[in-house]
Amino acid sequence: MRHLFGFVASFLIVYTLSAQQAGRQGGGQMPVGRFYGKMVEAKTGKPIEYASVQLVQNRMDTVTKKRKEVVVAGMITKTNGEFSLENVPAFGQSKLKITVVGFKTFEQNVSFDLKPGGNNGDMGGMMAALDKDLGNIKIEFEDKVLENVTVTATKPGLQLGIDRKVFNVDKNLVSAGGTAVDIMRNVPSINVDIDGNVTMRNNSPQIFVDGRPTTMELEQIPADAIESIELITNPSAKFDASGGTAGILNIILKKNKRVGYSGSVRTNLDSRGRIGLGGDINVRQNKVNFFLSANYNQRKSISNGTTDRTTLISTPNTFLKQTDRSVQEGYFTFLRGGFDFFVDNRNTLSISGNRAEGRFTPYSESDILIDSLYSTVKSSFSERLSNSKSRFQNNGVSLSYKHNFPKQGEELTADVNYNSSRNRNENVITNNYFILPGYTFSNAFKQQQNGKGNNQNIVIQSDYAKPLSENSKLELGVRAQIRKVENRNDFFFFDAAGLPVYNPLLSVNYNSTDHVYAAYTTFANRIKNFGYQLGLRVESSDYQGRLPDKNEVFNIDFPVSLFPSVFLSQKLKKEQDLQLNYTRKINRPNFFQLYPFTDYSDSLNISRGNPNLSPEFTNSFELSYQKTFKNKDNFIASAYYKRTNDLISRFQVKETNPANNKQILVNTYINANSSYVTGLELISKNKMTKWWELVSNLNLFTSKINLNDPALPEQNQFGSWFLKLNNTFKLPKNFTIQLSGEYQSRTVLPPGGAGTSGRGGGGGRGGGMFGGGGMFGQTTVSQGYSRANYFVDMGIRFEFLKNRQASLSLNMNDIFRTRRQDIYSESPDFIQNVFRRRDPQVLRFSFNWRFGKFDPNLFKRKNQREQDNGAGDMMNTGN
């Protein structure tokens with residue numbers, strides 16, 4: 001009883017003495033106190049800055065009637081390692097939790113030393129008890145962090161999640177010194193053709209850089225500048241509704257935020273004598289994090305191909321045999337930099353910019369033999385020489401702001417992204433005609449195409465996330481995108497004197513502007529082992545096309561559309577998860593699909609857009625199962641079904657060429673009735689032995705296009721599959737070998753929609769051979785398939801110096817010379833086979849040296865020395 005009375009007296013004294021301190025929070029508040037101390041390294045006693053300090057208490061949840069840990073105070077340690085936790089409840093047991101990158105987590109039970117009887121009536125003692133010094137708290141280094149070097153715990157090459165997959169580029173040896181295209185060839189779920197066009201589940205995905213759209217193409221992004229690749233196969237309502245049939249491919253560029261400095265210097269040389277240079281540095285001191293990266297790469301690309309084509313549109317029918325060889329030489333540079341400014345513990349401002357620039361000189365030579373299929377065959381032979389000059393320039397600026405609220409998980413972000421691109425192409429084509437037999441020169445025809453394009457893209461976005469409880473969360477966001485495209489193509493033919501003469505019939509000047517406005521909300525909740533997320537996105541868009549030279553304007557107002565998403569998940573026993581999701585997406589026709597310009601640069605692939613196209617809508621369903629084993633092996637199985645209405649599909653029409661009055665086939669686009677894609681994808685990551693890791697990916701799928709036109713033949717439906725294997729072998733003496741391969745069976749040609757080429761970038765590419773189907777006569781009709789294809793890539797890396805700071809890599813792509821493009825296509829007007837091979841067995845040797853120091857006191861000591869020297873100078877001057 002005496003102890004109880006003393007405790008009550010203690011409470012009354014504490015309450016009275018702390019009334020002023022708690023008065024700011026209003027009457028009736030419980031007494032509060034303060035914990036403070038200092039974080040130091042266990043071995044050296046150096047203060048540790050930017051450590052996360054949290055104070056938690058175990059309290060009763062009024063909703064679940066269960067006890068749980070609640071954060072009552074928290075902060076980040078100052079540059080001198082000190083921290084002070086204010087307004088801490090005076091009564092109750094608390095736990096101090098401290099975490100900092102590179103150190104072991106620290107936990108300790110703490111409480112105020114309040115004794116029954118009010119500390120013998122000593123008010124000063126009571127006040128002192130409410131202001132408790134925890135002293136110097138010693139934190140030990142994490143075992144996986146080695147001294148002051150840029151070596152940290154190793155990230156796995158592939159991180160598998162039920163909603164997304166993350167591919168870490170640093171572990172991909174076969175892409176060292178290459179571009180983003182080389183990386184994509186080794187990413188599960190991704191297919192890449194020989195021209196760098198990417199498909200995911202047989203459709204073209206949206207290409208993002210750091211979570212936002214980009215005007216850069218994949219071949220313009222160095223592999224050494226990429227941190228990781230994110231694959232989101234069925235994005236929720238939080239993401240852009242475009243790109244519905246394939247999902248999002250997000251490229252995360254390198255950026256470090258650890259205290260201190262770090263960086264790397266690298267170079268490479270390939271078997272064609274082309275070099276690459278690069279380097280990056282990251283510095284974080286106090287409130288500023290600065291990063292800079294630069295790359296220079298030379299390229300020489302060699303391509304060979306053949307085209308066999310029987311044309312049925314005229315009498316007599318003709319058979320064409322074309323042999324092509326193309327060589328493209330040039331270089332590209334990539335520069336990226338920016339900084340993060342940590343205004344305080346809760347506010348961060350970031351600014352970044354990038355610039356890519358390149359120049360290339362493609363040259364191609366084609367031998368074309370045409371037989372007229374009379375009873376007595378008549379033949380003609382021509383030689384086509386194409387000399388081109390192309391240059392591009394891409395610029396991007398990003399400004400972002402992030403505010404963290406006191407409640408954990410509640411945050412507000414806002415950002416503005418601006419991207420622009422400029423392209424200039426000059427293409428001179430000479431056709432030399434010969435008389436057969438004997439190959440006697442007859443005459444020549446020379447023409448020139450000058451193209452230029454400008455593209456500007458602005459995205460303004462803001463997102464807000466608020467946890468409603470421990471298991472529920474609400475997210476809101478708004479977004480606006482404005483894109484402007486200017487494209488001009490001028491055609492010239494050369495007269496008898498060899499002077500260029502402008503051809504207004506084939507030339508065109510075309511501009512466009514489109515706007516997309518969106519807002520979304522999602523609500524997520526978990527009830528025991530069952531979780532769900534409901535989302536709704538609203539989007540409105542419009543498009544305006546202009547032909548300034550002809551004073552023509554056309555406008556398209558796409559109606560306001562709703563895009564719901566539903567994600568259901570269930571945690572099963574023994575580390576198993578099950579998820580079912582549904583989303584609705586849209587594909588708006590892209591620049592080249594709407595472009596009313598007829599591209600005559602390739603006589604076998606004349607193309608034109610259709611400004612009357614409507615957007616296509618896709619409903620996607622996906623059921624996924626994931627199992628994580630005790631040894632951290634992963635297995636994911638996903639069954640998917642996507643149905644698209646008003647599918648944007650390739651189509652051919654017969655027309656008369658205004659230049660020579662001959663009948664031709666023009667490849668264009670129409671809205672088909674509908675289509676669907678369904679399949680089963682299996683991904684497994686296995687640690688076969690201590691030194692062998694295997695990532696395997698099997699995708700079984702089929703698709704069907706319903707044209708709803710009795711005049712057009714239905715496309716045959718058949719099943720397809722591809723298998724991708726990635727082996728990593730860790731050998732003694734710091735050697736690592738990577739062997740990756742892919743096999744793809746016969747596959748139906750993609751329909752040509754999806755609003756993107758699958759290689760990134762946007763509209764505004766001037767010049768026919770760079771915006772159309774290429775120089776090799778590859779047709780773009782929907783009836784056809786790609787024949788089976790396979791390839792194997794290999795890389796080896798040796799790491800040396802202290803803590804493996806330096807490495808030498810040797811890799812070769814397509815080591816068996818089997819990667820190719822082999823396409824069969826047909827229509828009522830032609831039958832065609834196209835075979836191409838590009839850049840097989842290219843050997844590349846790379847060197848990389850990493851440097852850095854993560855000592856948070858590095859700059860503080862340097863600044864202190866400078867201040868000491870400055871003070872000494874002042875004293876000397878005073879004397």
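The loop between strand 22 (411-435) and strand 23 (440-467) is where P437 is placed; helices (H or I, at least four residues) and strands (E, at least two) are DSSP runs, numbered from the N terminus. A cis peptide bond, with omega at about -10 degrees, links L436 to P437. As background, most residues other than glycine have a negative phi, and most peptide bonds are trans.

Before I continue, a word on the basis of these values. This is a predicted model, in which local features need pLDDT of at least 70 and side-chain atom pairs count only at pLDDT 80 or more, while totals for chains, interfaces and linings use all residues. Residues are numbered from 1 along each chain as its sequence is written, and side-chain values use heavy atoms, with hydrogens and water left out.

K574 lies in the loop between strand 27 and strand 28, and its phi is near 60 degrees, a positive value in a residue other than glycine. K574 is exposed, with a relative accessible area of 69%; here buried means under 20% relative accessible area, exposed over 50%, and partly exposed in between, with a 1.4 Å probe and protein chains only. D646, in the loop between strand 32 (634-645) and strand 33 (648-656), is likewise not a glycine and has a positive phi of about 55 degrees. With a relative accessible area of 36%, D646 is partly exposed.

The turn that holds K574 belongs to a hairpin of strand 27 and strand 28, with three residues between them. Strand 27 (residues 552-572) and strand 28 (residues 576-587) are antiparallel and share eight bridges; two strands pair if DSSP finds at least two bridges between them. Within this pairing, K571 faces D577 in strand 28. Strand 28 is also joined to strand 31 (residues 616-628), again antiparallel, by twelve bridges, and there N581 stands opposite E622 in strand 31.

I turn now to strand 5. In a regular strand the side chains alternate between the two faces of the sheet. The hairpin of strand 5 and strand 6 has six residues between the strands, and G102 within it takes a positive phi near 95 degrees.

Next, an open sheet of three strands, with the order 4-1-7 and mixed pairing. Strand 4 (82-89) and strand 7 (131-139) are at the edges with a single partner strand each, so one side of each has no neighbour in the sheet. Strand 1 (residues 32-41) pairs with strand 4 in the antiparallel sense over six bridges, and F35 stands opposite L85 in strand 4.

What of the interior? The largest nonpolar core has 29 residues, and those with the most contacts inside it are M184, I190, I226, I229 and I251. By nonpolar core I mean a set of buried Ala, Val, Leu, Ile, Met, Phe, Trp, Tyr and Cys residues joined through side-chain atoms within 4.5 Å. Among the elements that give two or more residues to this core are helix 4 (180-184), strand 14 (226-232) and strand 20 (347-372). Helix 4 contributes the largest share, four residues. A second, separate core of 23 residues includes A51, F83, A90 and L96.

G358, in strand 20, counts as buried at 0% relative accessibility. G358 and F334 are 24 residues apart in sequence and 8.9 Å apart in space, C-alpha to C-alpha. Not counting residues up to four places away in sequence, G358 touches Y331, F332, S390, R391 and F392, contact being heavy atoms within 4.5 Å.

E681, in strand 35 (residues 674-687), is buried with a relative accessible area of 2%. Its side chain is joined to that of S189 by a polar contact of 2.6 Å. A polar contact is a pair of N or O atoms within 3.5 Å; within protein, one must be able to donate a hydrogen and the other to accept it, and residues adjacent in sequence count only if both atoms are side-chain atoms. Leaving aside neighbours within four places in sequence, the contacts of E681 include K165, R201, Y640 and N697.
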